[in-house]
Amino acid sequence: MNYENYDPSFPDQPVVDLYLPLWANLPSFRSKPAFIWAEDGSNGATKNSTITYAQLNESVHSISTQLLTQLQRGDTVVILRSPGLELVEIIFGCQRAGLLCIPVFPPDPSFTKENYHHLVRVLSQTKPKAAITHHDYIARVQRYISLSSDNHKLAEMLQKLTWISTSDIKDKKVSSNMGSLPYKSCRPNELYLIQYTSGATGIPKPVLVTAGAAAHNVRVARKAYDLYPSSVIVSWLPQYHDCGLQFLLLTIISGATSVLTSPGAFVNRPGLWLELISKF
């Protein structure tokens, strides 16, 4: 085993997902929070939800197993979920299943607002086989397809997708014996993520990321930030691209804890970020 860091507690893994069972199987990490989601309440009080390393590893294993009952390794999937712990679990679940995933903020499923054009761009350029989202969202999309008369192109693209409910892949438990199973998921030279640029200065463009490149990127960032398992990250950045997404990977390879909240919560009340920094 080669060590690419100054600390031997950081074994060099070829892909980020391999760090997760490494930490989760250590007794001191099983109950350690990997991610904490802070929901800002109307009265200014935050409600926190936590997922530990052991819980995340078990959930990722279960999600990946369920996904492969409907999809094949190497398939492309679009993830339509709002920021939160569930999005984190699905992103890592897709990597373990060997799927190429595209996290996208879900537009209003009535598709009457102007925010659905990015989804059209994603579906046209990446041609995913499936979409993963909440069952209520699926029901509204199917209603749109059955009643659509204005945008036949969009309805046709939506109809071609295999729609997978998050409850179907999360609520069904499978036997977890990862230690005895060979790792068959994303290899370092394989694409595992398509992340789109923000579109702030031009039309959003797809960036193809291999599992090995992502792991190298966050290993370099871990060195630069001097992160340890005792470190805490607090972020409100979008979990769909760039730093917000890389912080998820950075947390796992560092064995650290990330406290997350949504961009909308930060915009509505910027002081929330400072409060979370002070608290955690």
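Predicted model: local features only at pLDDT ≥ 70, side-chain atom pairs only at ≥ 80, totals over all residues.
Which residues are exposed on the other side of H6?

**View A. Buried and exposed residues of helix H6 (residues 152-160).** Exposed on the other side of the helix are His152, Lys153, Gln159 and Lys160. The buried residues of H6 are Leu154, Ala155, Met157 and Leu158. Because these buried residues fall within an arc of 160° when seen down the axis of H6, they line one face of the helix. The elements against which the buried residues of H6 pack are helix H4 (117-126), helix H5 (135-147) and strand E6 (162-165).

View B. When neighbours within four places in sequence are left aside, asparagine 48 is in contact with Ile36, Trp37, Ala38, Lys279 and Phe280. Isoleucine 90 is 42 residues apart from asparagine 48 along the chain, and the C-alpha atoms of the two residues are separated by 20 Å.

**View C. Parallel pairing of strands E9 and E10.** Strand E9 (residues 232-235) pairs with strand E10 (residues 257-260) in the parallel sense, over four bridges. Threonine 257 in E10 stands opposite valine 232. Between the two strands, the chain leaves E9, passes through helix H9 (residues 242-254) and reaches E10. This β-α-β crossover is right-handed.

Terms used: Residues numbered from 1 in each chain as written. Heavy atoms only, no water. Buried < 20%, exposed > 50% of the residue type's maximum accessible area, 1.4 Å probe, protein only. Arc of directions from axis to C-beta. Contact = heavy atoms within 4.5 Å. Pairing = 2+ DSSP bridges. Right-handed = clockwise from strand over helix to strand, strands pointing away.
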